[in-house]
Amino acid sequence: MKMAGPNGGPGRRKFGPKAKDVKGSLFRLIKFLIADYKKQLIFVLICLFFGTIALTTTSIFVKNLVEIVEAGLKAGQTAEGFNAAVGFAAIKGDLITLIALMIATAVVGIAATTARERMMATVTQGFLQKMRGRMFSKMQRLPIRYFDTHTHGEIMSYYTNDIDTLRQLISQSLLSFLTCAITLLTLVSIMLYYSIWMSLVLFLGVFVMFRITKYIGGNSAKFFIRQQKSLAKAEGYVEEMMHGQKVVKVFCHEEESLAEFDRLNEQLFEDARQANRFANILMPILNNVGNLLYVLIAFVGGVLLVTKAPSLSLSGQALSIAIVIPFLNMTKQFSQNISQISQQINAVAMGLAGAERIFELLDEEVEEDNGYVTLVNAKIDEDGTIHECAERTGVWAWRHPHAADGTVTYTRLQGDVVFDDVDFGYVEDKIVLHNVSLYARPGQKVAFVGATGAGKTTITNLINRFYDIADGKIRYDGININKIRKSDLRRSLGIVLQETNLFTGTVMDNIRYGRLDATDEECIEAAKLANAHSFITRLPDGYNTMLVSDGANLSQGQRQLLSIARAAVADPPVMILDEATSSIDTRTEALVQKGMDSLMKGRTVFVIAHRLSTVQNSDVIMVLEQGRIIERGNHDALIAEKGKYYQLYTGAFELE
Amino acid sequence: MIKKLAGAIREYKLPSILTPLFVAFEVVVECIIPFVTAQLIDKIRGGVDVAVIAKYGGILVVLALVSLTCGALAGHFCATASSGFGKNLRRDLFSRVQGFSFANIDKFSTSSLVTRLTTDVNNLQNAYMMVIRSAVRSPFMVVFSLVMAFKMCPRMSTIFVAVIPILVFGLALITKKAMPIFRRVFKKYDTLNNSVQENVKGMRVVKSYVREAYEEKKFDTASVDVRNDFVRAEKLLALNAPLMQFCSKSITICVSYFGARLIIGTNEGAMQVGQLSGLITYGMQILMSLMMLSMLFVMLTMAIESGRRVCEVLDEESTLKNPENPIDIVADGSIDFRDVTFKYSEKAERYALEGINLHIESGETVGIIGGTGSSKTTLIQLISRLYDVTDGAVYVGGVDVRNYDIETLRNQVAVVLQKNVLFSGTIKENLRWGDKNATDEELIEAAKSACAHEFIESFPDGYDTYIEQGGTNVSGGQRQRLCIARALLKKPKILILDDSTSAVDTKTDALIRKAFRENIPGTTKLIIAQRISSVQDADQIIVLDGGRVDAVGTHEQLLADNEIYKEVYYSQNKAGDEDGRS
């Protein structure tokens, strides 16, 4: 059932469906399979082996049947003419034995198939679930850098397309291949057993069939790749136009957009037609080559019988009618099996390519974390000594074990952040931050101002170690952040991004994302603080309103308010607001600001904003230009300085 | 629904008819082959005569070649018919969407439109291929195989008649049980994948909150749930193969036993030895075809869902229609709102706009200010008739907008949308959306007015710079200015900027407004903005609040006596105000 569900959107890829390392991927896939389902697979293989042999031996029985019937007919020829009763009596025993044998093999075959198929359902789906789990858990551990360099569509394609081809491969193609292979082997041995000459003729025919499959299949694959390409083009165009449909309307551009669509659609039609044509004619050709082969074998068999050519067979039996007839049946079975294999070839190629891509994902380097300093809840005695404790106290401390002497020291978490001569580049030879030094004292509000690409967001990305610095040092409460375990470092930071991301679930769930053990009251409190409470209560189900597809039913501003509430409930000692209020109107922003200010009292806040009104009341404002801090000071000082900030403020300079 | 979809066959009617025709021929010939084969076997058995073998062999070769030709032709026509059907259907949908109004577009989300035009059309194209090929082949095969089997030996054929119902009943039962599970699990599977997508998009949030383990647990729970349902459904489907084997072995065994008795009983009168395998072949063909039919049934029922979704789009009537005798000249750029009320859908409880009365002179510059959700965008969208008013009327150039030819109206009322997009193509190509015959000089002039010329020139390829899809390779402010230039090229009587300079710095913003004043003085300009500075020199400023006009006036008037305006102003100019006092 290869039908995408209604939402299984098209994942696109530039390259074709070919695997680079077929053997490697296959072996790895099998290794994974064996690791997960060794016993079950052995069971499946045993069932497959005996089941297939049981079902293939029918041809032997047909030979015996013909012999028995012939004998019966002969026995029936009495002196008074044909006597059916006599004839039947002569072979009754043999016939019943044969039928009993047929029933026995059929029962074995069917039982084996049932057991195998049901077991395979468990194995396939179980394996896919495990692979999905592996992929997802791998993905959670990948560095942000990975997500910068791979599009969402590309990543999603692992979960939709590749897993799907894998399912096809494991549940159908692999078994089908094995079944066909065992069947063919059984047939070959029976055939050689009876007649080598006729077998040779058959092999010749099989060779021809393989050549045809290769030729037509190759062409079909070529055009399928072309079809995939033009499909991707057409669908890409559709996507672009649908996203810009309102603009199309505003510019009355409907006809032009339709004309271009027609062009792409026509190309797609041509390629699809070619691809499908080759795919469609393969079967009738193979089937009928099978028929021709049948005739050829009949003819060769006849000639051999007539000329009484010396028989050559493993059994040493002479060629007889009773051999030629089952041989013909086997010929049919043989060609049918080859047709079946040829049908699976595409699926196997695609499945292996899918497996290879999945392995690529699984082979990605994970985010490294050598940190050993952890964040703990703490109590502080009157004398200032810090004790670790299990419950939430609202006070945190860094637990710093020293490997040298085995002692542990505690440092109170305060939110003191220092950059010391930091250099950084997203790619090695392109430094985007130069010699950045800055300090943020606990409780300070530090703002970054500068044009797009000046490095504002980059700085915050370094504090939470989404990226690691190239040179210099960043200290957090006096500890080099490379020593802090990443998860603990990030737990101590609350981040609100311009790009809000909400998750499917209720509004309440989304706020609680900030702190999973927060009570409903705490969540509502946070929402009030973020000034989100009033709009939430106006939603159809209030806090229980379901948000779907990234909160599409909310306005951008409302989503920003929610993500601020989410950060507020996390109640982190340090907060990073990256254009967090850019979509909120200035009046509401002022209200949010008030709430935030009371929340952040005594904590460090980093603010990135485009609107200068957002950053005016900061303790320190840093003006960035091309990765360097060019001015620093508070609003009044910077205005007085009459530098870049002054120019920005008075609108004499461009910021974007 | 079928009729609606069949409308996409059009010029591919001939191949659509030829395909089943050739399939039928192919099936007939394929059914004759075992018949001749049986005779051949009997001839061989009766004493080998090479001439006889050659004769029957010859017939078989001819039959095989005919079958091959028919099959190949059927495959060829089928490819043309189905690809053509898909092409037409895709085009129908696309062109339908081109006729959609904003309200229609809102009704279907963008992503759902994309899915309908891609996945759903592909599903239907495959379904069509199955309908004209496999869905014809299988029933034909069943019927002809039965006919030939009867012809060969009527008494043995009763075995088929006995076995077929077992298979049909068994398949129906399995399908009936498995289908609802599959439907459910596919929905769950989609949800699972959507949650992965959400996770990928929100990776920074996940990592910031250290929710990796939490997300993993959530994913595993959902993934295991999906697995359990899939296993249940597939275990049911797994019964198909043994059922099929049971039926085929039953036929083989029955034919063997009863056939042997019949041959001996009548001394090959009612049946010959050669027909044994012939009958078994027919039996297999019948069973295979029935199996195929049950698979077809399952796949077609799944395509029905796609068909329904596609038809929804095809059936959607545009909510905006050109009037009977459209007016195709817009006299001037004056705008009037008279008692305008608007809500987005009939079901909406709240009016987005209520009791709006406004008069704007041709050539005026008007600012519109208001908080999030105050319906600023809604207001301006009524002017170029992107939506129709619920009550009251909007007049442009003294004429109700509903009386204009829509294209005329929209060419004269240029809107720079808030959610604006550029399309993949060069800057020139993008600008020419405004006027496809614009000369290079006109492009440059418009770009200069929108303060875009300078940065365009700074690109290595200048006006031939390639814009990526969605305009991702230019900055937000640059994108906005290109969009403004594009709208300017329409040389409209009314120009509406919906928060279109939000990412542009205040100085450039001022320069753009200055250019407007100097270069297009006769054009009515409506500017929605968050920044007071963008509107404070307008002829009049409209303050919107909760879908109502709170006040209209100049900057000075509003600053004197409008609370909202004052609040907005001070929230942006706190320090400036202090400076003023100090």
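Axes here are lines fitted to C-alpha atoms, for helices over the stretch in contact, and angles run from 0 to 180 degrees between N-to-C directions. In this predicted model, helix H10 of chain A (residues 456–463) lies across S7, S8 and S10 of chain A, and its direction makes about 115° with S7(A).

The sheet to which these strands belong is open and has four strands in the order S8-S7-S10-S11 (chain A), paired antiparallel. Strand S8 (433–440) and strand S11 (479–480) of chain A each have a single partner strand, so one side of each has no neighbour in the sheet. Strand S7 (residues 417–424) and strand S10 (residues 471–476) of chain A run antiparallel and are joined by five bridges.

## The six-stranded sheet

A further open sheet of chain A has six strands in the order S12-S15-S16-S9-S17-S18, with mixed pairing. Its edges are formed by strand S12 (493–496) and strand S18 (628–633) of chain A, each of which pairs on one side only. On average, neighbouring strands of this sheet are turned by 15° against each other, direction ignored.

Four bridges link S12(A) to strand S15 (residues 574–578) of chain A, and the sense of this pairing is parallel.

## Helix H3

Helix H3 of chain A covers residues 84–140, a run of 57 residues. From its first C-alpha to its last, H3(A) reaches 79 Å, close to the 84 Å expected at 1.5 Å a residue. The helix H3(A) has a kink of about 50°, centred on Ile91(A).

## Domains and overall dimensions

Chain A contains 19 helices and 18 strands. The domain assignment divides chain A into domain 1 (22–37 + 117–362), domain 2 (374–412) and domain 3 (417–649). The centres of domain 1 and domain 3 of chain A, taken over C-alpha atoms, are separated by 52 Å.

The C-alpha trace of chain A spans about 130 × 70 × 50 Å along its principal axes. Chain A has a radius of gyration of 37 Å, whereas a compact globule of 656 residues would have one near 26 Å.

Note on methods: Residues are numbered from 1 along each chain as its sequence is written. Chains are lettered from A and ligands numbered from 1 in the order in which they are written. This is a predicted model: local features need pLDDT of at least 70, side-chain atom pairs count only at pLDDT 80 or more; totals for chains, interfaces and linings use all residues. Two strands pair if DSSP finds at least two bridges between them. Helices (H or I, at least four residues) and strands (E, at least two) are DSSP runs, numbered from the N terminus. Two residues are in contact if their C-beta atoms, placed from the backbone, lie within 7 Å. Domain bounds come from an automatic or database domain assignment. The expected span of a helix is 1.5 Å times one less than its number of residues. The bend at a residue is the angle between axes fitted to the seven residues ending there and the seven starting there. The radius of gyration is taken over C-alpha atoms; the globule rule is 2.2 Å times the number of residues to the power 0.38.
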